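Biologist: Please take a close look at one part of this structure for me. Then show me how that part sits in the whole.

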Amino acid sequence: MSLATVFILMMTIFLVTSLFLFKHSSDQVVTQLQEKVDISVYFKEGSAEADILGVREEITKMPEVKDVKYVSQDEALKDFMEKHKDNPVLIQSLQEIGTNPLLASLNIRAVGATQYAAVANYLETAPFKDLFEKVDYYQRKSVIERIFSISSAINRTGLFVSLLLALVSFLVAFNQVRMAIYNAREEISIQRLVGASNWFIRGPFLIQGIISGIIATVITCLLFVPILLLLNPKIEALFPSLGVLQFFFNNFFIILLIQLATGLFLGVASSLIAMRKYLEV
Amino acid sequence: MIKFEKVTKIYQGNKTGANKTCALEDVSFGVKEKEFISLVGKSGAGKTTLFRLLMGEERPDSGRILFDSVDVQKIKKSNLPYLRRRVGTVFQDYKLLNSKTAYENIAYALEVIGASDEEIKKNVNEVLNIVGLPDKGNNFPMELSGGEKQRVAIARALIHRPEVILADEPTGNLDPYNSSDIIQLLLKINELGTTVILATHNKDVVNNLGKRVITMEEGRLVRDEANGRFII
């Protein structure tokens, strides 16, 4: 068994595992962000509450809409005061204005994240759009879309590099078995001479592949724990609710299975193909 | 016991079919149980090809080879090891593993078929006695003379109690004294009931044997005499 084979297998397994963890994390970030999405429709000052409630009824009828919350001017003011109660300057300036500058609004939540576009489209062309002061949606949308595209680009790149590494490790392992067969050619010819069964002759080369895969898996798995422990505080600082470390330990056996499957598949497949090509029995 | 029926073997050479060599052409003969046959002919006459075909290492282009009325050509690849256990082989270059002692080289043939340690010990010591090397079991091939190495190889060939021993130039690397010893050993094995087919260039060996001689020439069987002599 060669160091090069184990090392390249380790790199492949490492990357596959990282990809698995990243996929989970990015999915979670996107979901979390999507849950925060809503569309806020602000009504022009002086809009009658009856009109606003009428609009609410219309919007609620859309199949894409989950719920619509009406926030009146008074409620908006109350929320604002509550939110900024520690900021006396803001409160004071609000009192100086004397009137309520905040607008009444409808907060619309769609059934799924993908349906916001349809809702936004509808609002743009709705007959009652003259009542709207502004529709607040587009800013968040671009952030979400950007994160989505970045994460899927990273996933794609990761998958591509994983496949590339898998190919390289396959070739390295393949070459190792090929050399082993070449080195043992004398013994193999004698084994055949004395009537060793075909699997007796092939066995050692197959086991070599299996052992390479297992050793690479074990080392990678052991390496992953300290690396995650070390990186976790930094990840937590960036995305507090991600819980990569917890995800890793909760799904430890699935991850181990993925690693073992990658290692064994590459080790065994390369041995089998090298034997088929170079080991005549 | 063994029957070659109109066997032809052509080596194709390169892909275009140039350098085609006809190693065997329409060869037919039979071997009875407990027979001792000398196979003579120049290098390239087809002696080794004959052995390889009988071992199932190669397939004839036409004709067939029967071993105990089983068509060797039709034996599945996975069953070939069982045929090889019934046929012992001895070569000019001994084909011993230098990293193993004489004892281990012989034991290896039993290990590969999964024999027990006791079985191995009993059988290996027995064949070491038969070939006259009871004290050399712990020596490595490097520490043995050519004649002794060939005895170890014969011991290994005997360990499966084969029905046939194929000896391909077993005396090719040996001096006349050792050659004579090896031939005597093969005769002894033959007397114990094993069929022996001996391929050789050695004129004296063949003439002193007074056994059946098959002469090959350029892939053809040209002479088959019951009490033959070496004539090329």
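Modeller: One definition comes before the close-up. Axes are lines fitted to C-alpha atoms, for helices over the stretch in contact, and an angle runs from 0 to 180 degrees between N-to-C directions. Keep in mind that this is a predicted model.

The part I pick is the sheet of chain A. Four strands form this sheet, which is open. Their order is E2-E3-E1-E4. The pairing is antiparallel. In general, strands of a sheet pair through backbone hydrogen bonds, either parallel or antiparallel.

Now the edges. Which strands stand there? They are E2(A), residues 65–71, and E4(A), residues 132–136. Each has a single partner strand, so one side of each is left without a neighbour in the sheet. On average, neighbouring strands are turned by 15 degrees against each other, with direction ignored.

The partner here is E3(A), residues 105–110. How many bridges join the two? Six do, and the two strands run antiparallel. One pair to find on screen is Val65(A) of E2(A), which stands opposite Ala110(A) in E3(A).

Next, the helices on the sheet. H2(A), residues 49–60, lies across E1, E2 and E3 of chain A. The strand E1(A) covers residues 39–43. H2(A) runs at about 170 degrees to E2(A). H5(A), residues 116–125, lies across E1, E2, E3 and E4 of chain A. H5(A) runs at about 15 degrees to E1(A).

Step back to the whole of chain A. The chain has 10 helices and four strands. Along the sequence the pattern reads α-β-α-β-α-α-β-α-β-α-α-α-α-α. Take contacts in chain A with a separation of 6 or more: 87% of them involve residues 24 or more positions apart. Of the 281 residues in chain A, 23% are buried.

Chain B has seven helices and 10 strands. Here 43% of the 232 residues are buried. Among its contacts between residues at least 6 apart in sequence, 67% join residues at least 24 apart.

How do the chains meet? Contacts link 14 residues of chain B with 12 residues of chain A. On the chain B side, H2(B), residues 80–86, and H3(B), residues 102–111, each supply at least two residues. H2(B) gives the most, with four. By class, this side of chain B has seven nonpolar, three polar and four charged residues.

Eight of its 10 residues are buried, so H3(B) is largely enclosed by the rest of the structure. Among these buried residues are Tyr103(B), Ile106(B), Tyr108(B) and Leu110(B). Asn105(B) is buried too. The cover over them includes H4(B), residues 117–130, and H5(B), residues 146–158.

After H1(B) comes Gly56(B), with a positive phi near 80 degrees.

How values were computed
Residues numbered from 1 in each chain as written. Chains lettered and ligands numbered in written order. Predicted model: local features only at pLDDT ≥ 70, side-chain atom pairs only at ≥ 80, totals over all residues. Contact = placed C-beta atoms within 7 Å. Nonpolar A, V, L, I, M, F, W, Y, C, P; charged D, E, K, R; others polar. Buried ≥ 20, exposed ≤ 12 C-beta atoms within 10 Å, placed from the backbone. Pairing = 2+ DSSP bridges.
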